[in-house]
Each structure stands twice: as C-alpha cells, then as structure tokens.
Amino acid sequence: MLCIASVTLLSCGKEDVDMAKCSAIEPTYTVDIKPILDNSCALSGCHDMASAEKGIVLSTYALAAGESKNDRFLGSIQHKRGYKMMPEEAPQLSNDKVQLLTCWVQSGSPE
C-alpha cells in the first residue's frame, strides 16, 4: 500500500527539465538570449521592468541570469508538467530557441 501511495505522489510532481546536447552551441546573453527574451518574455504586461509579472523581470542580463538559476525558468519554457507554460497565451517557443535557452542555462548563463 505504501508503494502505491509513493508512486501516486511522485506522479503528481513537477516533470524534470530537459538537458540539451550543447557541445557545438555556446549561446551568450548579449548575442543569443536577449533577443529571445525581449521578443517573447520581457514585454509590456509580462516580464519587463514596469510589469514584473509574478515578480519576474527578464529585461536585463543580471535579472535574467539570476532567474535562470531557478528550475521554473526552463520548466516553464520547456512546457514541463508542474510549471506554468510560457510564454503565456502564445505558442511555445521554437525548438531552436528552447535549445539555445537550455544550453545558455547549462553553460552557466554567460553574458
């Protein structure tokens, strides 16, 4: 009985974020990530300085890099179970953009 309860509880949790194969991909905030965030996340009414939806601001390197250390950053972008899917009320980012963001996080979120 305990085993069944454990399996049930585990299945209701958050899904693990995916790791990407990044050997040939070295994204930086300035070149690769800022344009994605500016066009999809750091918009008026979302995660810009004025709106700061849910206290999250993604319009500067320091703030985006800080937020990237939180599992919800990739979990939301990758549309994982247990995370709020982002961008909200818009299609999921393209696979290429999700991979760039994932590789950026995996490499320590370089500027």
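Predicted model: local features only at pLDDT ≥ 70, side-chain atom pairs only at ≥ 80, totals over all residues.
Buried residues make up 33% of the 111 residues in the chain, while residues 24 or more positions apart account for 59% of the contacts with a separation of 6 or more. The accessible surface of the chain comes to about 6,900 Å², and 57% of that surface belongs to carbon and sulfur atoms.

- The residues Tyr29, Ile33, Ile36, Leu37 and Ser40 are buried in helix 2, and they lie on the same side of helix 2 because they cover an arc of only 110 degrees around the axis.
- As a general point, an α-helix has 3.6 residues a turn, so residues three or four places apart point the same way.
- The exposed residues Thr30, Val31 and Asn39 are carried by the face of helix 2 that is turned away from its buried side.
- The cover over the buried residues of helix 2 includes helix 3 (61–68), helix 4 (71–77) and helix 5 (95–106).

- Ala20 lies in the loop between helix 1 (2–11) and helix 2 (29–40), and it counts as partly exposed because its relative accessibility is 21%, where buried would mean under 20%.
- Leaving aside residues up to four places away in sequence, Ala20 touches Gln99, Thr102, Cys103 and Gln106.
- Although Ala20 and Gln106 are 86 residues apart in sequence, they are 8.1 Å apart in space, taken from C-alpha to C-alpha.

**Backbone details outside the helices**

- The peptide bond that runs from Met86 to Pro87 is cis, with omega near -5 degrees, and Pro87 has its place in the loop between helix 4 and helix 5.
- Ala52 lies in the loop between helix 2 and helix 3 and has a positive phi of about 45 degrees, although it is not a glycine.
- With a relative accessibility of 24%, Ala52 counts as partly exposed.
- Ser109, which has its place in the segment after helix 5, is also a residue other than glycine with a positive phi, in this case near 55 degrees.
- Ser109 is buried, and its relative accessible area is 1%.

**The largest pocket**

- Rolling a probe the size of a water molecule over the atoms shows where empty space is left.
- About 450 Å³ of space lies in the largest pocket, and the elements that give two or more residues to its lining are helix 2 and helix 4.
- Helix 4 gives the most to the lining of the largest pocket, with four residues.
- The largest pocket is lined by 24 residues, and those that lie nearest its centre are His47, Ile56, Ser76, Lys84 and Met86.
- One of these residues, Met86, also takes part in the cis peptide bond to Pro87.

How values were computed: Residues numbered from 1 in each chain as written. Heavy atoms only, no water. Buried < 20%, exposed > 50% of the residue type's maximum accessible area, 1.4 Å probe, protein only. Contact = heavy atoms within 4.5 Å. Arc of directions from axis to C-beta. Areas by Shrake-Rupley, 256 points an atom, 1.4 Å probe, with all protein chains shown as cover. 1 Å grid on protein atoms, 1.4 Å probe; cavity = no way out; pocket = protein on both sides within 12 Å on 5 of 7 lines; lining within 4 Å. Points joined across faces, edges and corners; volume = space filled by probe spheres on them.
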